[in-house]
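Subject: Structure for you to look at

Hello,

Here is the structure I said I would pass on. My notes on it follow below.

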Amino acid sequence: MRSDRLTKGAAAAPQRAILKALGLSDAEIERPLIGIVNSQNDIVPGHVNLDKITEAVKVGVALGGGTPVVFPAIAVCDGLAMGHAGMKYSLVSRELIADSVETMASAHPFDGLVLVAACDKNVPGLLMAAARLNVPSIVISGGAMLAGRTTDGCRLSYSDVAEAVGAHATGRIDAVRFLEVENKCCPTCGSCSGMFTANSMNCLTEVLGMALPGNGTIPAVMSARIRLAKVAGMRVMDLVREDVRPRDLMTREAFENALTVDMALGCSTNSMLHLPAIAHECGFELDLSVANTIARRTPNLCHLAPAGCHYIEDLDRAGGIPAVMNELGKKGLLNEECRTVSGETIGEILRKGRVLDHEVVRPIENPYGKEGGIAVLKGNLAPEGCVVKRSAVADAMLCHEGPARVFDNEESAIAAIHSGAIRPGDVVVIRYEGPKGGPGMREMLNPTAAIVGAGLGETVALVTDGRFSGATRGAALGHVSPEAADGGPIALLREGDRIRIDIPGHTISVDVSDEELARRRAEWQAPEPRIRTGVLARYAKLVSSGMSGAVLT
């Protein structure tokens, strides 16, 4: 056991003395030591309830014959960080989480880990740590927020209040409605109620084999969530005894399964950042060019918010991830031999799944879309690629051509949208917001929400080397690589250049000759770093491109 160096033999007496200072008895010290990574804090709605989840996990570990030991992890609320300099720290926090868990679990050699997760960067950060450490581990999340509801019965999520800002600014809704949306869109604790980034990653964690069925969909306020946490605590003891490790589960085939379910669900485009980063920690590279191949054969079965009118609680009621996988299994789209922390294979789990509401999870013969929910586009504007959530794009915008409206930061673009300077047909370009240029690759929810709120969601596209919130909808193309700070073609755009977007054809281009682009490149000078000190400055020096997961090199 890893903990033997702390607990066994005369040489470990000093370590045992420290453990006894914690109040641990000899009987507890003799058992496997299980680290429980508790991400609870009082600033993130998805994390405020994790103390209860952690207590349930501790009970499960003890029931399974282990000794639970809790230590913390940080979490940033993207909703609170949105629209100001704080968002620069969001993606950075993923690396900090992975590094801090590695540090704690290496300095204190636990025999197994339970990763108590919830929101956007916390989930992938913990999975990256699990893969890096390769110690028997299981993930349990805090669960999803319930959808809100207005007095007239309209269901709401966080994306609605983001879009309401633009609608109110342009006079499309009055102050009374605006306040009602603010007050009712986030009614409980939990990760925001649509298929946004947190819920996307929690659902995909099931498919990767690192969480029990129900982890991605059971709402935070349900007692079933507490019961699942206890089972997770018991299951980690089985994983320790059987020496089942994260890299045994998170194989290349498991990632292909995750991409397939991602396409069926219509997950956040941030999954295209996080899956490659987790795979990198597993010891192999996940080439996102495979995403289009998987999308072509995988129908889009779900339209959850922001793409549609269903929410995570509806997906749970409809059968959850096992039900979605059951539909995909009918066409042989998943590798059913992949193992999971439950002790069952993906095939065994999906065969137990049943769709209980065919509007929430469409039959595979009658999908919402014939192709998956995410597309990767390439062209002379994005030679390494960019990403779009095609399931959240209006049909009229799947192919679009328009003049570039070029902005060098998020704030100037939002000001132009709110002032009425953006017209139907325009392509808003926000650059120098990539991993290096930002630094930190801010989410562009506020600009996309402003476009939708202004009534331009079906006539205006947005292209950026930044990224998007899972709550974003519309023709929003992010992760453009190479980014502007690296001298990518997006840095060479000028106001009025014609941009062509063909999502079905997977292309994005600017109508400028190679010769003209070369001339502009010769004139281009890299801007001075926006930040020169602290973690952001270090991050900017080490981070890779968005299309390779924005990992540190």
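At what angle do helix α6 and helix α22 pack, and how far apart are their axes? Before the answer, please keep in mind that this is a predicted model.

Helix α6 covers residues 90–107 and helix α22 covers residues 534–542. The angle at which they pack is about 85°, and their axes lie 11 Å apart. Angles of 65 to 115 degrees count as roughly perpendicular, so α6 is roughly perpendicular to α22. On the α6 side the contact is made by L91, V92, E95 and L96, and on the α22 side by V535, L536 and Y539. Six of these contact residues are nonpolar, one is charged and none is polar.

Next, the domains. The protein chain is divided into domain 1 (31–145 + 191–352) and domain 2 (375–548). Their centres, taken over C-alpha atoms, are 29 Å apart. Domain 1 puts 34 residues into the contact between them, and domain 2 also puts in 34 residues.

The largest nonpolar core has 111 residues, and the members that touch the most others are V114, F255, L265 and L315. Both domain 1 and domain 2 give residues to this core, so it lies between them. Leaving out residues up to four places away in sequence, V114 touches I34, G35, I36, V37, V57, V61, I138, I140 and V236. Another core, of 31 residues, lies apart from the largest one; A404, A461, L477 and V512 are among its members.

Some backbone details are also worth a look.

- G438 and P439 are joined by a cis peptide bond, with omega about -15°. P439 sits in the loop between β10 (427–430) and α20 (445–453).
- S481 and P482 are joined by a cis peptide bond as well, with omega about -5°. The loop that holds P482 runs between β12 (476–481) and β13 (498–502).
- D243 is not a glycine, yet its phi is positive, at about 55°. D243 is found in the loop between α11 (223–242) and α12 (246–249).
- H506, also a residue other than glycine, has a positive phi near 60°. Its place is in the loop between β13 and β14 (507–510).

H506 has a relative accessible area of 10%; buried means under 20%, so H506 is buried.

Regards

Technical notes
Residues numbered from 1 in each chain as written. Predicted model: local features only at pLDDT ≥ 70, side-chain atom pairs only at ≥ 80, totals over all residues. Heavy atoms only, no water. Axes fitted to C-alpha atoms, helices over the stretch in contact; angles between N-to-C directions. Helix = DSSP H or I, 4+ residues; strand = E, 2+ residues; numbered from the N terminus. Parallel < 35°, antiparallel > 145°, perpendicular 65-115°, else oblique. Contact = heavy atoms within 4.5 Å. Nonpolar A, V, L, I, M, F, W, Y, C, P; charged D, E, K, R; others polar. Core = buried A, V, L, I, M, F, W, Y, C linked by side-chain atoms within 4.5 Å. Buried < 20%, exposed > 50% of the residue type's maximum accessible area, 1.4 Å probe, protein only. Domains from an automatic or database assignment.
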